[in-house]
Amino acid sequence: MEMYTPEVMISEEEIALRIEALGQAITRDFDGEELVVICVLKGAFIFCSDLIKKINRPMTLEFISLSSYGEGTQSSGNVRLDMDITCNVEGKNVLIVEDIVDTGLTIKTLMAMLALRGPKDVRLASLLYKPSKLKHKVKIDYLGFEIEDKFVIGYGLDYAGRYRELPYIGVLNAGN
Ligand code: IMP
């Protein structure tokens, strides 16, 4: 089996500092409001759990699972809904929490799906954004980090189901 040593791209400390700032911005922007936080599984689960602890607003938490990648590092071009949320978002403030916007297809599809359900407002928090790969215009209201076009793993993100447990964002380098 091929061995990989992930190289650190964004450290645990940098992530924590950025999440603190995002949480403060969200708390401020939703002043006097309640929100439904939708965590996009599986990749956003660590980011979402750290982020909601920094948001000082009444909220409920939902999970949704979408897949577009399969086992590889390239988007398949199709988004499949594997698991839906369990609440009605009509008239509610929705905050989608995503791990990474790459081509933008997943978020564009999710936004279109949610818009049909009549929410009051839908905003997006994404830990990462790869501008070089963007094909579908997406507005990221709360962005962690813009990154170069490298396949990243860790802090919830996987390669073929692995590396989600790493506390930092890393890059896979073959053979070292
Ligand atoms: P998009 O639909 O092309 O924007 O891709 C979004 C999804 O692809 C994310 O939610 C991730 O699950 C996955 N993805 C995109 N780039 C990466 C990466 O560099 N590492 C791990 N997963 C990625």
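Of the 16 residues around the ligand, those that come nearest are Asp99, Thr103, Gly104, Thr106 and Val152; a residue counts as near if one of its heavy atoms lies within 4 Å of the molecule. The model is predicted, so local features need pLDDT of at least 70 and side-chain atom pairs count only at pLDDT 80 or more, while totals for chains, interfaces and linings use all residues. Residues are numbered from 1 along each chain as its sequence is written, and side-chain values use heavy atoms, with hydrogens and water left out.

A polar side-chain atom of Thr103 is 2.5 Å from an oxygen atom of the ligand. For Gly104, a backbone N or O atom lies 2.8 Å from an oxygen atom of the ligand. For Val152, a backbone N or O atom lies 2.6 Å from a nitrogen atom of the ligand. On its own the ligand has 500 Å² of accessible area, and the protein covers 92% of this; accessible areas come from the Shrake-Rupley method with a 1.4 Å probe. Two or more residues of the shell around the ligand are given by each of β5 and α3 (105–115). The largest share, four residues, comes from β5. Helices (H or I, at least four residues) and strands (E, at least two) are DSSP runs, numbered from the N terminus.

The largest nonpolar core has 30 residues, and those with the most contacts inside it are Leu51, Leu95, Val97, Leu128 and Ile169. A nonpolar core is a set of buried Ala, Val, Leu, Ile, Met, Phe, Trp, Tyr and Cys residues joined through side-chain atoms within 4.5 Å. At least two residues of this core are supplied by each of α1 (12–29), β2 (35–41), α2 (45–52), β5 (93–101), β6 (121–129), β7 (142–146) and β9 (169–174). The largest share, five residues, comes from α1. Another core, of 17 residues, lies apart from it and includes Val94, Ile96, Leu114 and Val138. In soluble globular proteins, nonpolar side chains tend to be buried together.

In α1, the buried residues are Ile15, Ile19, Leu22, Gly23, Ala25, Ile26 and Thr27. Buried means under 20% relative accessible area, exposed over 50%, and partly exposed in between (1.4 Å probe, protein chains only). The 18 residues of α1 should span 26 Å at 1.5 Å a residue, and this agrees with its end C-alpha atoms, which are 26 Å apart; the expected span is 1.5 Å times one less than the number of residues. In α2, Ile46, Phe47, Cys48 and Leu51 are buried. Their cover includes α1, β2, β3, β5 and β6.

Strand β3 (residues 59–67) contains Ser65, and Glu62 is also found in β3. Ser65 is buried, with a relative accessible area of 15%. Not counting residues up to four places away in sequence, Ser65 touches Leu41, Arg80, Leu81, Asp82 and Met83, where contact means heavy atoms within 4.5 Å. Glu62 is buried as well, with a relative accessible area of 10%. Beyond its neighbours within four places in sequence, Glu62 is in contact with Val36, Val37, Ile38, Cys39, Ile85, Thr86 and Cys87. The C-alpha atoms of Glu62 and Ile85 are separated by 5.7 Å, although these residues are 23 residues apart along the chain. The side chain of Glu62 also reaches the backbone nitrogen of Thr86 at 2.7 Å.

Conventions. A polar contact is a pair of N or O atoms within 3.5 Å; within protein, one must be able to donate a hydrogen and the other to accept it, and residues adjacent in sequence count only if both atoms are side-chain atoms.
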